[in-house]
Amino acid sequence: MSDSSEESTKPVTDDEHVDKSVLSGTGMHFPWLQNYIESVAIGGKRKKDFAQTTSACLSLIQEALLKHQWQKAAEYMHSYFQTLEDSDSHKRQAAPEIIWRLGSEILFYHPKSNVEAFSAFADRMKNIGVMNYLKISLQHALYLLHHGMLEDAKRHLSEAETWRYGEKSSSREILINFIQAYKGLLQYYTWSKKKEEFSKLDKDDYAYSTAAQNMLSHTWKTSVNISGLIKIPGVWDPFVKSYVEMLEFYGDQDGAREVLTNYAYDEKFPSNPNAHIYLYNFLKKQKAPRAKLLSVLKILYQIVPSHKLMLEFHTLLKKSEKEEHHKLALQVLFGVLDFAGCTKNITAWKYLAKYLRQTLMGNHPAWVQEEWNSRKNWWPSFHFSYFWAKSDWKEDTALAFEKSFVAGLLLGKGCRYFRYILKQDHQVLMKKIKRMKKSVKKYSIVNSGI
Amino acid sequence: MKMTVPRTLAFCYLSLLWQRETITLSDLLRFVEEDHIPYVNAFQHFPEEMKLYGRDKGIFAVESWPDYEDIYKKTIEVATFLDLPRFPDITEDCYLHPNILCLKYLMEVNLPDEMYSLTCQVVKMTGIGEVDFLTFDPIAKMAKTVKYDVQAVALIVVVLKLLFLLDDNLEWSLSSLAEKHNEKNKNDKPWFDFRKWYQVMKKTVDEKKQKWEEARAKYVWKSEKPLYYSSVDKPVAYKKREMVVNLQKQFSTLVDLTPTTEKKKPSSFQFNWIEEDTDRTCFHGHSLQGVLKEKGQSLLTKNSLYWLSTQKFCRSYCKHVTTYEESNFSLSYQFILNLFSFLLRIKASLLHEEVSLIEKKLFKKKYTITKKKSSRSKKVRR
């Protein structure tokens, strides 16, 4: 007896109307079609098991590395080496780099590995094919540096410098520049050590001139090596710093200034706040005109408004004669305290308190109002909550005092923070608190009803 | 027809079949994968005098394990090519007879022994136990041989469907009944509980599968003797080999020398179930009482429904079955297929095909009726 209840199971058949377009005009979508198309593209050839097992091996290695299972990674790596003999030429050529990257990671972290093992591995991998020599040499040298073996690192870098095989390409050029620059950095380090010894020597010491000569030769080598790299756009902080230090030591201020200005202002270089900081510090030492200093710091202000140099910026702006600078000085201070990292910076608060008082006393209360408008919604709970009052007072009474002054000026004497501090009993600050109370009463923007 | 390594393996299988050895094709291929039979780097065992180069590389540099369907096709090819006569009969006492193979697989998959009588019944009803059906005859008009192992396993799947329906519903309700009964009657022979069996098997198979995948990922295809195409390539090939060996030596120092598990001897059973083992329940002795009910002299299954794996067969020469699209079937069915296809190392779609073929024979009448009606599968009540 057949039951006529129906149960429909739609079969997936190789339909007669297999459309070229997966998405037809009526908006219908055939997800299973993609598989068929893909299999036709490779001629219906099945992927070889060799390829399948090696790619499974690769993902297992990557997983083990992610989980820091060095032992397991080494086990699978052992089987992965056979990709160097892959019959597929594309895979065979790509294999050395993959093996180098994974293998060097494993050797770096595995407890049983050591410098000799790493060096042996690097030497082997370097010589497989010509494309990887420079990259591996550089990474090998960095590894040695990491383990404090400077002489060996320098030696490897020198060897790599003279590598002439492989096609000339832009990446190769950059690699060579890198290698030279790191070598230069190592030479700078030796120079720096010699400088220290030198400074301890007396002018009449017999070793003085030879030491000086020695240092000079190092300098020349270093400058040649580093100058090539820093012409290329990039972030080269340690190289630039050491190079400039050497130039300054030998009195080549112009050269140093040129390098730093280039580093900071060349548009091709990525935006780098450190560049501006170095330039600023250099100009400060040189006692450059204020206008110049201000222009450098202005750029820094735009990139990193929370930097501690902003306080110096503020002082410079205050001293200036232009009114727009005075306004900017106020903006800068507010800007610094917008950031969570600076909330406990007592200098910033002190400056702000002083300057607010000054501005409100003077003829620019409108400036304060302008700055406060965008902040009055969130600064009270960010800086001046009751919780902060208690914890700041416990931690640092001077900080709490300055903050409360600002709070009073901006929020009036009714503000919780202000009132809390007033209630506190403190011998040293008693007088100051009294004076603050007076100022707040007089100058707070709440009072003036703006 | 040119000889290749897969064809050689097919030829070996033919000889095993001729001698009616107690080894199935899936066993043979599994032994190859487990390196008990030289295949991937067979040329390593050749004597020194035999130099391999040129086109030998294409033949002997094997980069894939043998595939069941591929070898199966090749056995027929080779047998036809060699003009072999009809093979020795496969009778009821041969290992390859479905009755015996079913028993073996039932044991291996930890199913109750009581299912054996059901499988024998289905064998009788479908006629797949007949000597003429089972024996390989290459000179017959359309040479075909039977996939003995796949067929036996498909039989078990059909019987499971008969008993439990496997529609993601009935099997679980029957399990709850069995569980309740077993709780109350702890001293009797326990009723077979599908849910418990599922849990035990899933865990065991998942573990085994993971180990299998890891072993495959670690498999080393390249041999100590590199194969090269011409004398120009020889030094390069040897240099590469030396490099790989050095790298491997270096990294083997990083790997803890675990007590090297002795390479397991080839065995035709992948799973072993012991009655006394409390960790892994052995279901051999369990009773099917929970799913059968008495009707007069005979027993009927409690389940009276069945669904067909395929509703239409291709009427043309190939007679192929509709493709196995997982999402169309119940999860229990998918689990069962995946379990058995892992056991035999074949694709689930192949097993599904075989199941459909058995059903075709079993419900022959129903299929002729449905051909006339529209293409919808019918639930069949017996």
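This is a predicted model: local features need pLDDT of at least 70, side-chain atom pairs count only at pLDDT 80 or more; totals for chains, interfaces and linings use all residues.

Reader: Start with chain B. How is it split into domains?

Author: The domain assignment gives chain B domain 1 (1–84), domain 2 (88–192 + 291–381) and domain 3 (203–252).

Reader: How far apart are the centres of domain 1 and domain 3 of chain B?

Author: Their C-alpha centres lie 21 Å apart. The contact takes 18 residues from domain 1 of chain B and 11 residues from domain 3 of chain B.

Reader: And what area do those two bury between them?

Author: About 1500 Å² between domain 1 and domain 3 of chain B, with carbon and sulfur atoms giving 58% of that. In domain 1 of chain B, the residues that lose the most area to domain 3 are Gln44(B), Lys57(B) and Trp65(B), together 34% of what that side buries.

Reader: How many salt bridges cross that interface?

Author: The rule finds 2 salt bridges between domain 1 and domain 3 of chain B. Glu63(B) and Lys222(B) pair up through their side chains in a salt bridge, at 3.3 Å from N to O. There are also 7 residue pairs in polar contact between the two domains.

Reader: Which helix gives the most to the domain 1 side?

Author: That's helix H3 (residues 55–60) of chain B, with 3 residues. By class, the side of domain 1 of chain B that touches domain 3 has 9 nonpolar, 4 polar and 5 charged residues.

Reader: What about Ser223(B), buried or exposed?

Author: Ser223(B) is buried, because its relative accessible area is 8%, under the 20% cut-off. Ser223(B) sits in the loop between H10 and H11 of chain B. Leaving aside residues up to four places away in sequence, Ser223(B) touches Asn41(B), Phe43(B), Gln44(B) and Arg241(B).

Reader: What does the side chain of Ser223(B) reach?

Author: The backbone oxygen of Lys225(B), at 2.8 Å.

Reader: Switching topics: where is Tyr333(B)?

Author: Tyr333(B) is in helix H12 (residues 331–344) of chain B, and at 0% relative accessibility Tyr333(B) counts as buried. Beyond residues up to four places away in sequence, the contacts of Tyr333(B) include Val157(B), Lys161(B), Trp307(B) and His352(B).

Reader: Now chain A. How many helices and strands?

Author: Chain A has 22 helices and 1 strand, and of its 450 residues, 42% count as buried.

Reader: What covers the buried residues of H3(A)?

Author: The cover includes helix H2 (49–66) and helix H4 (89–109) of chain A, together with helix H10 (194–217) and helix H11 (233–252) of chain B. Among the buried residues of H3 (residues 70–80) of chain A are Trp70(A), Tyr76(A) and Met77(A).

Reader: Last topic. How many salt bridges are there over all chains?

Author: The search finds 31. One of them joins the side chains of Glu97(A) and Arg101(A), at 2.6 Å from N to O.

Reader: Why are Glu97(A) and Arg101(A) about one helical turn apart?

Author: Because they are 4 residues apart in helix H4 of chain A. Glu97(A) counts as partly exposed, at 27% relative accessibility.

Terms used: Residues are numbered from 1 along each chain as its sequence is written. Chains are lettered from A and ligands numbered from 1 in the order in which they are written. Side-chain values use heavy atoms; hydrogens and water are left out. Domain bounds come from an automatic or database domain assignment. Contact means heavy atoms within 4.5 Å. Buried area is the accessible area (1.4 Å probe) that two parts lose on being put together, summed over both. A salt bridge is a side-chain nitrogen of Lys or Arg within 4 Å of a carboxyl oxygen of Asp or Glu. A polar contact is a pair of N or O atoms within 3.5 Å; within protein, one must be able to donate a hydrogen and the other to accept it, and residues adjacent in sequence count only if both atoms are side-chain atoms. Helices (H or I, at least four residues) and strands (E, at least two) are DSSP runs, numbered from the N terminus. Ala, Val, Leu, Ile, Met, Phe, Trp, Tyr, Cys and Pro count as nonpolar, Asp, Glu, Lys and Arg as charged, and the others, Gly among them, as polar. Buried means under 20% relative accessible area, exposed over 50%, partly exposed in between (1.4 Å probe, protein chains only).
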